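Here is a friendly walk through a protein model, written for someone meeting it for the first time. Have a look at the fold before reading on.

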Amino acid sequence: MIRYSKPGVVELLPALPKAWSAEGSVTGMGVRGGFTVGVSWRDGKATTVTVRSVGGTETELRAGTFRKKISLKPGASVKINVS
């Protein structure tokens with residue numbers, strides 16, 4: 001599983017398949033709460049994440065031990081270095 005979401009929380013790479021863990025990326029994943037997310041990873045850990053609001057305003061991004069609350073206006077986006 002590349003992402004898990006519920007209103008107010010987006011968790012990235014909670015169960016990444018071992019065969020995909022070396023390196024990869026995906027863009028445009030819809031998540032609950034009115035956002036889309038793109039993530040790049042290396043060695044099974046997220047390295048960069050882009051969050052775009054399609055109508056949502058607040059969510060919490062989680063990737064392993066990384067936690068960050070995000071507030072965006074509809075249509076805005078943010079790129080985050082997770083390392």
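What follows covers the ground rules, a sheet, a core, and a few residues worth a visit.

## Ground rules

This is a predicted model, in which local features need pLDDT of at least 70 and side-chain atom pairs count only at pLDDT 80 or more, while totals for chains, interfaces and linings use all residues. Residues are numbered from 1 along each chain as its sequence is written, and side-chain values use heavy atoms, with hydrogens and water left out.

## A sheet of four strands

Let's start with an open sheet, whose four strands come in the order β1-β2-β6-β7 with mixed pairing. Strands here are DSSP runs of E with at least two residues, numbered from the N terminus, and two of them pair if DSSP finds at least two bridges between them. β1 and β7 sit at the edges with a single partner strand each, so one side of each has no neighbour in the sheet. On average, neighbouring strands of this sheet are turned by 15 degrees against each other, direction ignored; the axes behind that angle are lines fitted to C-alpha atoms, and angles run from 0 to 180 degrees between N-to-C directions.

Now for the pairings. β2 and β6 (residues 58-63) run parallel, joined by three bridges, and valine 10 stands opposite leucine 61 in β6. β6 and β7 (residues 66-71) run antiparallel, with six bridges between them; here threonine 59 faces isoleucine 70 of β7.

## The nonpolar core

Which residues have the most contacts inside the largest nonpolar core? They are Leu12, Val37, Val39, Val49 and Leu61, in a core of 21 residues. Such a core is a set of buried Ala, Val, Leu, Ile, Met, Phe, Trp, Tyr and Cys residues joined through side-chain atoms within 4.5 Å. Each of β2, β3, β4, β5, β6 and β7 supplies at least two residues of this core, and β4 gives the most, with four residues.

Leucine 61 shows up again here. Leaving aside neighbours within four places in sequence, leucine 61 is in contact (heavy atoms within 4.5 Å) with Val10, Leu12 and Val49, among others, and also with Phe66 and Ile80.

Serine 5 lies in strand β1 (residues 3-6). Is it buried or exposed? Serine 5 is buried, because its relative accessible area is 12%; buried means under 20%, exposed over 50%, and partly exposed in between, with a 1.4 Å probe and protein chains only. The side chain of serine 5 reaches the backbone nitrogen of arginine 32 at 3.0 Å. Beyond its neighbours within four places in sequence, serine 5 is in contact with Val10, Val31 and Arg32.

## Two loop residues with positive phi

Leucine 13 is in the loop between β2 (9-12) and β3 (23-31). Its phi is near 55 degrees, a positive value in a residue other than glycine. Leucine 13 counts as buried because its relative accessibility is 12%.

Aspartate 43 lies in the loop between β4 (35-42) and β5 (45-53). Aspartate 43 is not a glycine either, yet has a positive phi of about 55 degrees. With 60% relative accessibility, aspartate 43 counts as exposed.

Note on methods. A polar contact is a pair of N or O atoms within 3.5 Å; within protein, one must be able to donate a hydrogen and the other to accept it, and residues adjacent in sequence count only if both atoms are side-chain atoms.
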